[in-house]
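Here are my notes on the model, point by point. Please read them with the structure open.

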Amino acid sequence: MQGFITQMRRDMLLAFRARAEVFQPLLFFVLVISLFPLGVGPGPQTLQKVGPGIIWVAALLSALLGLDRLFRDDFNDGALEQQMLSGASLPWLVLAKICSHWLVSIVPLILISPLLALFLNLTADMYWALLLTLLLGTPVISLVGAIGVGLTVSVQKGGVLLSLLLLPLLVPLLIIATSAVDAAAIQLAYNGQLFLLAAMLLFSLALSPLASAYALRVSLN
Amino acid sequence: MWKWLHPYAKTEQTYFLCQRLFPWFAFLAVIALLTGCVWGLAYAPADYQQGDSARIMYVHVPTAILSMSTYAAMAIAALIGLVWQIRTADMAVAAIAPVGAVVTLLALLTGAAWGKPMWGTWWVWDARLTSELILLFMYLGVWALYHAFDDKQTGGKAAGLMAIVGVVNLPIIHYSVEWWNTLHQGASITKFAKPSIAPEMLWPLLINLFGLAMAIGALALLSLQNEILRREIKRPWVQKLGEQA
């Protein structure tokens with residue numbers, strides 16, 4: 001537990017000192033979303049219909065872009081090996097890294113989402129549903145992503161491989177989250193979807209740190 | 001209790017076991033597939049609604065069922081590799097992945113060929129089609145992960161973990177996709193009580209199912225043999241095999 005706090009403080013400090021790198025996924029997120037009105041046409045009705053899906057797909061892609069940073073820098077400079085040898089429990093250290101990754105590279109996406117909801121002409125109801133699904137769903141991306149990053153950290157140019165491994169696993173997240181926003185668009189209750197997302201969050205929170213820790217041990221032999 | 005299993009942690013033993021088992025699997029596969037296909041395609045009655053085009057069922061249904069079972073087999077091998085750290089089990093994961101991917105691809109292609117006359121389109125974003133497509137991506141992911149590593153021992157363990165993560169996720173993916181959209185006809189032969197399919201159509205289907213299972217087994221055995229040879233190329237027993245050949 002002590003290791004958790006120390007690790008988290010260290011990772012946040014490192015991220016704060018490399019601010020430029022942190023903002024890249026955020027810019028990517030905004031750019032991808034502003035491309036869609038150009039691609040599918042600026043009609044407010046169309047944008048409202050495809051908006052939730054676009055925001056979620058863009059969030060998935062930009063989260064994947066930032067996931068690479070989760071273990072790679074520490075792996076390259078050898079800090080990861082030292083952390084594994086330190087005697088602190090590895091799943092806790094991994095969980096600290098996942099938490100700081102979520103705070104640093106995904107929370108900004110959620111903070112900027114009101115602007116994007118305006119871009120895509122979402123109603124207030126839809127926006128609240130979107131916000132709730134993002135809050136419950138994006139930690140799942142970081143948690144499941146950590147397993148994939150742990151497995152590919154020692155592979156050169158693992159970026160494309162990482163998306164091939166992770167995107168199929170994240171399909172349920174996309175389906176359930178967008179169906180919640182669609183339900184909100186026609187004034188239906190979406191508690192069910194939120195409960196499902198919360199269940200996925202708890203499930204991955206319980207298992208992912210263990211699996212990621214094992215993945216790292218495999219990668220570093 | 002597990003004593004009979006331990007010798008097969010040695011690659012040499014597993015290689016010769018595969019060699020002994022292969023003819024049986026291949027023989028049963030050829031006999032069953034020939035019987036099933038001739039019976040199904042020529043003698044079984046045509047469907048009263050779909051006519052002769054429903055005969056593709058005798059190929060499509062076995063591939064679709066076995067694409068899932070093959071993933072289960074791969075995950076079981078991966079679990080054995082993870083729990084008992086048996087190296088040959090990790091090799092089996094790498095050997096089964098391409099076979100499973102091909103079976104899944106066949107299920108998708110024959111399904112598309114069946115969908116064109118029946119639904120009027122090659123592809124719809126229906127639940128079963130989508131989960132089959134995602135299954136294909138998962139096979140390819142396991143396979144690509146294995147080949148991304150230069151050190152195959154690490155690659156095998158990584159692919160094994162990925163297969164297990166996938167098998168935990170498969171039910172979630174399956175049900176979320178099912179909930180999302182369904183057009184596909186329901187399963188006709190998995191209902192244990194009374195299959196909603198005529199017995200004269202069921203028999204060739206079951207024979208083909210058995211035949212394809214044996215064929216997948218045979219291909220996986222061959223693929224495992226190749227994998228063992230590739231990984232153990234420097235061992236004396238492989239060198240000796242090479243000299244004999």
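1. In this predicted model, chain B and chain A bury about 2100 Å² between them. Carbon and sulfur atoms account for 85% of that area. Three residues stand out on the chain B side: L161(B), M162(B) and W179(B). Together they supply 24% of the area that chain B buries against chain A, more than any other three residues.

2. The contact draws 28 residues from chain B and 24 residues from chain A.

3. Two helices of chain B, helix 4 (127-148) and helix 5 (152-180), each supply at least two residues of the side that touches chain A. Helix 5 of chain B gives the most, with 15 residues. By class, this side of chain B has 20 nonpolar, six polar and two charged residues.

4. Now the second largest pocket. Its volume is about 760 Å³. The lining comprises 27 residues. Nearest the centre of the pocket lie A77(B), A92(B), I96(B), L221(B) and L224(B).

5. Which elements give two or more residues to the lining of this second largest pocket? They are helix 1 (11-43), helix 2 (57-84), helix 3 (87-119) and helix 6 (199-231) of chain B. The lining residues of the second largest pocket divide into 22 nonpolar and five polar, with no charged residue.

Methods. Residues numbered from 1 in each chain as written. Chains lettered and ligands numbered in written order. Predicted model: local features only at pLDDT ≥ 70, side-chain atom pairs only at ≥ 80, totals over all residues. Heavy atoms only, no water. Contact = heavy atoms within 4.5 Å. Buried area = accessible area lost by both parts, 1.4 Å probe. Helix = DSSP H or I, 4+ residues; strand = E, 2+ residues; numbered from the N terminus. Nonpolar A, V, L, I, M, F, W, Y, C, P; charged D, E, K, R; others polar. 1 Å grid on protein atoms, 1.4 Å probe; cavity = no way out; pocket = protein on both sides within 12 Å on 5 of 7 lines; lining within 4 Å. Points joined across faces, edges and corners; volume = space filled by probe spheres on them.
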